[in-house]
Every structure is written in structure tokens, then in C-alpha cells.
Amino acid sequence: MLRLAVMEWRAQLRDRAVLALLAVLAGALVLAAANGRVLIAAQSEARAAAITAKAEADTQFAERLANADLPPEDAILSPYRMRQVLVAPLPPLVDVSAGRAALDPFSTTLSMRARADTLFQRSSLDNPELLVRGGVDLGFVAVVLAPLLLIGLLYGLFAADRDSGTARLIMAQAGSPVALVLARMIPRFVLIFGPIALTLGVLLMTGPEVPGRGTAAALWLVTVALYLAMWMALAAWIHSRDVSAESAAFALVAAWALFTLVLPAAFAAIVQAGNPPPSRFAQIAAARAAEVAFTESYENDHPDLASSEFEGRLASLRKTWAVAQAIEATGAPLNARFAERLEGQQRVAKALAWLSPALIAKGALEQIAGTDAATAQGFRAASEAHLSAFRSFGGGFVERGAIMQPSDLAQMPRFDWEPSRNMPWPSLALLALLAGALMTSALRRFGKLTLED
Amino acid sequence: MSITGAIVAKDWTELRRDRRVVIMALMVLALAATAILTSTVRVASYEADRAATLEVDRSTWENQGARNPHAAAHFAKWAFKPLTMGAVLDPGIASYSGSAVWMEAHNQNPAVARPIDDQTIILPSGEFSIAWVLQVLMPLLIAVIASGAVARERERGTLKLILASGSGAGAFVRAKLASVGVVTAVLAGSVIVVGMVAAASAGPANPLMLALWLIAYAAFLAIIVLGAVAVSLRARSSGQALLVLAGLWLFAVVLVPRAGAAVAEIAAPVPSSEQFWADIAAAKAAQPSPFSTGREAFAAEVMAQYDVTRLEDLPVSFGGLQLEEDERIGNAVYDEHFGALFALYDRQRSLMRWGNLFSPLPALQNLSMALAGTDMPQQIAFQRQAETHRRLMITQLNSDMIEHGAGAGFDYQAHEDLWAEVEDFAFAPPSLGEVLASVWADALILLAWLAGATVFALRSSRRLLAEGA
């Protein structure tokens, strides 16, 4: 069989159509690698800038608290001078499977004025025209392009032999065509999977060191191998039926379109229709109505300008803090509904994804890469929870009328969120099961083929 | 019956009997119907929501009571972007762009409330809509239908018979083009007509824009039909034709638009949000603020202007003047940074146009979004108009404080009648002429592709002459 596989390998590399397909794959991989490097560099730099800003904010605030010359009427404003920068850790494979990385925020700045609904308002400047078209990353190549290219390479797997009559010749000479089919599949699989693995290797070698990157990359590669094996097994299964080469090609292209395009589109409609998020406009209007209802005068925005006396400023701060709490309390039910609907969407999307191997693979790859929707939502939720603790800490000083001291810094809540790294074992198991079952069934059928078939 | 009519009738019958094609066509039509329904509901719900919010917020604004105008300027107002009827046909960037701008004092804010932030599933190619069905699925369906148009006749051996019957290769190719064209027209036409009716019922429609949108799609689908039949003319078998067409579809429809976006991102990267705002903060801090570093100079300038020697003697509010001066300084900084950002978006669009060398889809997408009122230039127009409105509104509030707040400082409270005088933001969409000016290059590119596809089909048909001989 090895000799047959080597012959097939050589034959493939002499075929102009195969070379054209491989050229498309190579072009996409070069672009994916370049795009991945740009993305991880941008994400690393932006995180570094955020971390620098965080350090500067911490230093400035510590200096402020340490300034013994600060008059009490200024020192009382300290809670409203607090800034904290929250930064999510760099996902281990953001350059490989970008997922929602280009869409979702990974840092934000907290202050006493921040609210849960306004925490990420200045999150992205990316061109929506680019976002709507999507980028090319290795995950996209593996989930969307690679299966169709593999289907193209597998066109001559066996059905064409049946059409042309050479299948009978093979049966007469070699008996079972199992070895031949395997010898044809393996080089084709390697031609698609090999360059993807190679590109992953290049990204790993040229990318930054991120904790867990090596393990994640290994698992990512296993997922891609299983996913492509599933497509190969499906092709083998279809070719093992009594169908023409055209019907086999049609069935495979249709299956690809169904799993990769049609079902995700239908699921998107179902998920959105089933769990429509509340109105962001209504959320804005409700917060504003609450603000007007609880605010009576100007001090809400500039407590430092309201009065130059200690008592006046403290009174102003207390009013500001009370108004902020009232607005937060008014908006809390609506904020909770947003979170609830997003969780609902994720739950339904996750359940429906089991019907499409493409969505299973995409979800698994993004989960391994740390760029999935759940991780992004986790950062948002953790940031919102931290904001609440942060504001309570600052608000306590306002309520007590106490001036913050340097020793209080140690009590300031710290953000130490780490995403939960659940590995998508069920997805991998299902892909392996599908690949194994289809391949076993296909090989058994090939094994049972007779000259009369 | 003419040879063309006979071939069209035969192909039509064959396609109707091919359950695979019928199932696929029904699936595409079902998806199109779902897209029309969901888009119509989404646009109607968005607009109802926007109208209700405007009403509530107007009432909140007008009933904020007596207040310092600068407090009102901090509270400020919001600009909400309307969704046009075109969004039913093509939502364009609507899900990925902010739909609301907070027009507050001191700050030019970005557009926020992106629908994508509240969505879980991101499709592998664009946003689910009628435009998506026509741009992505319809070409694949045409590829399936057209793959066997000529190649299957060749496989069966009927091609030589037809050519030998004296009907002529040209007439045969025209008949095949008509055959695939009719099926495409029926399928795509039904989707487009229903979509247009839904769009027209969603709000006031510009018939000329709708007609141009229809023409753009007709041209795009004609390119696909011509190309697909030409491939079938050249292929040895229908299976081979199908795989070649599927490969071309994958390349031109799925890969090229994404590759264009990826290249644009690499060649003209947008600064990170953190960097952008840090640069603005630094630029503002470098200016002499009338509240801190530049206060003395500004006070001297104002006192000289009003011919007084003490601020207390000014006939106007010094605080109001400080605020207005602060806005003037800030506006220059924002003009520079947002101008550079928008120029970068323009550059990215120009870079993405290079993708048209490999596919007509980027040109069609630009045309479709522009005519639907959901493209980036119209988003930028919204943000620019919101910023203009912000500046006028803040100046109006500052002017009231300047004129009436002398001596009272920030304790001055404006009468609540002032709030009623502040107008709501109303987006004025670009005219058809302005829209066309932004996409004329795309229209030309699409025409060039149409001409190229026609030449390719004609050249491919010449092969039949040799085959017939």
C-alpha cells in the first residue's frame, strides 16, 4: 500500500488541477499567517499599552495619596480620581483562530463614573467594512477552505473508476479495492493537512511566548486532523455507494455547503429570533431618564468646581455617588436581561452546533484558541463584577466622608481574572466518532465490493 | 420551435426532474424567504425602537428642569442612526458599526451599540440577508445548474449529435446561456422581487436606488452565468465542471473578499482603541487649557476684548467663555485624529478594491451596500453629522451661559425653555448623486467583469466549433 500511496502522491503533484488547488491553499495560508502575525502583534502592543497605562495610573494615584500637601478639599476627591485599567490575558492562539478577538474588547478603564452598560463604549475602532467581510486566519482555512479543497482532490477516489469501468479491472486484479482507496486518501489528506500544520508551526515559532500556547497548538492540530478526517471519511463513504463521480462530487459539495454555509445561516436566524437582545437604545434612554430623575444640579459632573470648601465638595460627592448608585440600580434589571439573552443565545447556538461538523470544529478551535464567545463574555462579566467592587470601595470613602490614605491602596480590589480553559473534549470525541464510523462503514463496503457491483 | 427554445425547454424539464437541484433550489429559496422575513422584522423593530427612544429621550431632555447649561451639555443628547428600507435588502455594515453617538461636551465619541456585540454566531461569509443569499448562495446554485449544461451533453455523446444536426455552435451556446439564464432569472428574480416589496413596505423607498440595486445584481448574476457556462463548455465531464466551478466559487466568493479585507488590515492597520484615545488625550493635554495652563493668557485676552481689568467686571460669563474655548481647542484635536482615522478607512476601501482583479464580488458588495444606504461612507456621514450637531448644540448651551451667566459662574441655572430650543439630531442621508460618486469605480469594475465574462464565454464557444468539426 505504501508503494501505491507514493505513486498517488507523485501523480497528484503532476496534476495541474491539483497544483491549482494547492496554489489556492498556499495563498490562503500565506495570508492567514501574515494576518495572524499582524493580529497578535496588534493585540500584544495594545495590551502592553494598556498595562503601561495601568502602571502610570497606579503610580499617579499612589503619588496623589502620598502627597501630604494636598489640601483636604482636594484630597476628598481622591475616590473620583481613581483609575484602574483591566486587561484580559492574551489568548494563546489568537493568531491561529481569531474568533471574536477582532470584535470584543480586551481592556477597559474603570473609574467611579463608569457603569456596567458604558464600560466598553470606546472598545473598537476597526473598520466595520473589514469586519463584515471577515479576515483570513488559519482557523478559517481549516474549517471552510480545506474541506472543499479536500473534496476537490478526492474527486477521483473511486466513483470515477466505476464510471469508466476501470473499477472492474481493479477488482479483477487486486480483489478488494480497500488498499487502493486508502493509498489514494492518505496522500490527499497529507497534501491539505501538511501545509496547515506547517503554517501553524511557523506561527508558533515566530509568535510571542504565551502560557499554554504549545499545548493549545497540539490540541488545535488534533481537532483539524479529526475534522479533515471526518470529511475524508464522508467522501469515502459516498464513493463506496453505487453513485457516479458527478453525483459523488455533487453530494460532497452540497454537504459542505449545507454544513458550512446553510446551517450556520439558519442557526444564526433561529438563535437571534429565539433570544433577541433587549434594546440598547431603550437602555440608553432609561439610564438618562434615571439620571435626570435623581440629579438636581450641576455637581454631578464636576464636583471639583461645585465648591472650593471641604464640606461643599463632600456633599457634592455624596450626591454624585447617590445618583450613580440610583442609575445603576435602575439599569440593573435591563443589564441582567442583556446577559441573560446572550447566555440564551450561546446555549441555543451550542446545542444547534452539534448538527454541523463545521460549527463543531469552529467552536472547538476557537475554544482552544481562547477566542470564543464564552471567553469574551467571561471577561465582560468579570469586568462588570469588578467594577461593582471597585465602586463600592471608592463609594465607601465618600459615604464615610473619609480621606483615602496610602495604606488604603492595599485594600483596593484587584482584577485577576483568568479565563476558564475548558477543553472541547466532547467536540473532539464527536468528530472522532463521525470520522471513525463513516470510515469503517466505507471500508467495509469497499471490502465487500464484487465484480458484479 | 427554434433550437434555442427546444434546448431551453429540454433543460428546464431535466432540471425539474433532477431532485438534487430542486432540493438545493428550494433550500436557497427557503433561506431567502427567512432572510426577507428576519430582515423586515429587524428593520421594523429597530425603527420602532428608535422612534420610541427619541420620544422618551426628548421628554427627558425637556423636563430636566432648571440647570446649568454645562450640566445639560454633559448630560447632552444622543444621535441614533436610522435604518433605511435598503437595510432589508442588504444590512451591509449595520451590525458591525455603532448606531448611536453620545454628543456630550468636551468629547467627540465614537458610534456605539453595535448589534454584533449582542450576537453569538458570526457567519463564515457576511451577514445573513437577501444580499448574502444572492451574493454567496445563488452563485453556488448557478454553478451546480450550469456545470452540466454542456459537459453533460458531451458525456452522453449528445453534443456531437446536436452540433452535427446543423444547428450551429453559436446557437447552441446561446441556447445554453438562455437556459441557465432563465432558471437564474426565475430563482433570483423571485427573491429580488419579494425582497423589494418587503423593502418598499418597510419605509419610503427611492425607486431609482432600487432599480440600480436590481441592475447591479442582474449584472453580477449574468457574470456568474456566463462564466459557469463557459467552464461547462471547456470541461471534460459535468463532475469536473462542478468541481472547477465550486473551486472558483470558493476562491471568488468566499476567499477574495476576506483576503481583500486581510490585505487592507495588514497594509493600512487601524490604531488600537487604547492608542487612539491616548493620542487624543496627549494632544489635548499639550494644548493650553483655558482652565489650567492657558487660563491666565486666555483671561488677559478676554479682558482686553471687553476692555475691563478684572474678570468680575466682565459683562459675560467667563466660565462660559472658558468652556467654549475649551471646545474650540478640543475640536481641532478631534478633527485631526478622526480625520486621519476616516482617511485610513478610505485607504482600506481602496486597497480592498484590488480584490476585484480576482472577483467581481467586492465591487458588487460596495454597490449593494451603498445603494442600500448601509456602507461605510454613509456611516462616516452619520458620525460627521452627529459631530457637527454636537458642536452646534454645545455652542448653543455655552452661548446661553456666556450671555446670561455673568457673575454667577457655574451656579448659573438656565431656564428650562432653553432645552426646548435645542433641536434633535436628524440624519440627512447622502443624495443619490453623492452615493454614486462614492461607487462609480465599482460600477465600472462590474461592467468590465461583465465584458470579460462575455468574451470568455465567446472564446469558449469557439472550442465547440472545433469539436463539431
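Which residue in E2(B) is the bridge partner of Phe80(B)? Before we get there, a word on the model. It is predicted, so local features need pLDDT of at least 70 and side-chain atom pairs count only at pLDDT 80 or more, while totals for chains, interfaces and linings use all residues. Residues are numbered from 1 along each chain as its sequence is written, and chains are lettered from A and ligands numbered from 1 in the order in which they are written.

Now to the strands of chain B. The partner of Phe80(B) is Ala100(B). E1(B) and E2(B) run antiparallel and are joined by four bridges; two strands pair if DSSP finds at least two bridges between them. Strand E2 of chain B spans residues 100–103 and is covered on both faces, with Ala100(B) and Trp102(B) buried on one side and Val101(B) and Met103(B) buried on the other. A residue is buried if 20 or more other C-beta atoms, placed from the backbone, lie within 10 Å of its own. Helices (H or I, at least four residues) and strands (E, at least two) are DSSP runs, numbered from the N terminus.

Let's move to where the chains touch. Chain B brings 81 residues to the contact and chain A brings 78; residues are in contact if their C-beta atoms, placed from the backbone, lie within 7 Å. On the side of chain B that touches chain A, H9(B) gives the most, with 19 residues. That side has 46 nonpolar, 24 polar and eleven charged residues. Here Ala, Val, Leu, Ile, Met, Phe, Trp, Tyr, Cys and Pro count as nonpolar, Asp, Glu, Lys and Arg as charged, and the others, Gly among them, as polar.

Within chain A, look at two helix pairs. Helix H1 (residues 2–14) and helix H8 (residues 178–206) of chain A pack at about 50°, with their axes 8 Å apart. Among the residues making this contact are Trp9(A) of H1(A) and Pro187(A) of H8(A). The residues of the contact divide into nine nonpolar, one polar and three charged.

In the other pair, the axes of helix H5 (residues 138–153) and helix H14 (residues 357–369) of chain A come within 10 Å and cross at roughly 165°. Axes are lines fitted to C-alpha atoms, for helices over the stretch in contact, and angles run from 0 to 180 degrees between N-to-C directions. Gly139(A), Ala142(A) and Val143(A) of H5(A) meet residues of H14(A) including Leu365(A).

Finally, find Val271(A) in helix H10 (residues 245–274) of chain A. Val271(A) is buried, because 22 other C-beta atoms lie within 10 Å.

Terms used. Contact = placed C-beta atoms within 7 Å. Buried ≥ 20, exposed ≤ 12 C-beta atoms within 10 Å, placed from the backbone.
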